Amino acid sequence: MELQPLEVRKKRLRRSMMFLNCQKPSLIKDPYIYKPDSIMLDLEDAVAMNQKDTARLSLYHALQEIDYRGVERIVRINGLDSEYWREDIRAAVAGGCDGIRIPKTEIPADVQLVEQAIVAAEQEFNRPEGATLIMAAIESAKGVMKAYDICQASERLFGLALSGGDYTKDMQTRISGTGVELLGARQNLLIAARATGIQCFDTVYTDLDNMEGFRHDVETIHLMGFDGKSIVNPRQIEIVHDIFTPTPKDILFAQKVVHEIDTKKAQGVGVFTVDGKMIDIAFYDGAKRTIALAKASGVYKGDLV
């Protein structure tokens, strides 16, 4: 399969990113049946220390042998302070993963070090140059403060992700379910990502018995501007996709906005109303994004207006 351009791959649809433990082959053999946008094949926290080699081998064979049917395959490697991460990258790149997630990213040099290892692995295993993307997980106060610089560390970097558990430990607090303890980090990461043109992903919600709370959490981060949500269970996918996918009403309104702005601009009109709402040129890009997202989500089959 021909490799898509870097910028196209960096901007792909990533509403849901489901974590899967590479220590358990049964979990990584067919997650595509749940239709997440991306899967996170985990070699780090989910894998016991004495099972790292086994999990890495399981990962390689899964990437080589399983048709994930268009689902993006990201690999979370072990931390850069461990003895495992270089071999994690070699196995992931050799297997043909789509990207590497760096845990506990705190400075741009972390991204650059991983990029160097990826480049070497692509050469070693005859993978196309630039085939492997990078995402950076921010898990500390230092990482949050350095987010803007981290975003600019590599052309391969497609996104930042907040890891709420480790971040709240570093902040000497806990996950409350209200989102108050995460608000500063969420805002900072989003601002850094938007300023540099990359995507931003929210942390997992681990209370699987509280689906109402999960929906509220997803609605909150969607309103804030996140591109997607990390998840830990297939039951969470439907809610994430429902919230992050434009409704027919959203799509129709966006089409009207684009059409009216294109028409009125040619007539020299700068401000007008659409469905009773005052609109100007500032709404144009947002309307275009809504239509593009609807198309990528498969709910809009027409041409982009």
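Which residue of S8 is the bridge partner of Asp202? In S8, that partner is Lys229. The legends below describe a predicted model in which local features need pLDDT of at least 70, side-chain atom pairs count only at pLDDT 80 or more, and totals for chains, interfaces and linings use all residues. Residues are numbered from 1 along each chain as its sequence is written, and side-chain values use heavy atoms, with hydrogens and water left out.

**View 1. The barrel of eight strands.** Eight strands close into a barrel in the order S1-S2-S3-S4-S5-S6-S7-S8, with parallel pairing. From one strand to the next, the twist averages 25 degrees. Strands (E, at least two residues) and helices (H or I, at least four) are DSSP runs numbered from the N terminus. Two strands count as paired if DSSP finds at least two bridges between them.

**View 2. Strand S8 between S7 and S1.** S7 and S8 pair in the parallel sense over two bridges. Strand S1 (residues 16-21) pairs with strand S8 (residues 228-231), also in the parallel sense, over three bridges. S7, H10 and S8 make a right-handed β-α-β unit. A crossover is right-handed if, with the strands pointing away from the viewer, the path from the first strand over the helix to the second runs clockwise.

**View 3. Strand S4 and its two neighbours.** Three bridges join strand S3 (residues 72-76) to S4 in parallel, and Val75 has Ile100 of S4 as its bridge partner. Four bridges join S4 to strand S5 (residues 133-138), again in parallel, where Ile102 stands opposite Ala136 of S5. From strand S4 (residues 99-102), Gly99 and Arg101 point one way and Ile100 and Ile102 the other, and all are buried. Right-handed β-α-β units are made by S3, helix H4 (residues 85-95) and S4, and by S4, helix H5 (residues 108-124) and S5.

**View 4. The covered helix H4.** Eight of the eleven residues of H4 are buried, and the helix is mostly covered. Among the buried residues are Trp85, Asp88, Ile89 and Val93. The buried residues of H4 pack against helix H3 (52-65), S3, S4 and H5, contact meaning heavy atoms within 4.5 Å. Just after H4, Gly96 takes a positive phi of about 95 degrees.

**View 5. Helices H9 and H10.** The axes of helix H9 (residues 183-196) and helix H10 (residues 211-224) come within 11 Å and cross at roughly 40 degrees. Axes are lines fitted to C-alpha atoms, for helices over the stretch in contact, and angles run from 0 to 180 degrees between N-to-C directions. The crossing of H9 and H10 is right-handed, meaning that the near helix is turned clockwise from the far one by less than a right angle. Leu183, Arg186, Gln187 and Leu190 of H9 meet Asp217, Ile221 and Met224 of H10. These contact residues divide into four nonpolar, one polar and two charged; Ala, Val, Leu, Ile, Met, Phe, Trp, Tyr, Cys and Pro count as nonpolar, Asp, Glu, Lys and Arg as charged, and the others, Gly among them, as polar. H9 also lies across S5, strand S6 (157-162), strand S7 (199-202) and S8, running at about 160 degrees to S7.

Conventions. Buried means under 20% relative accessible area, exposed over 50%, partly exposed in between (1.4 Å probe, protein chains only).
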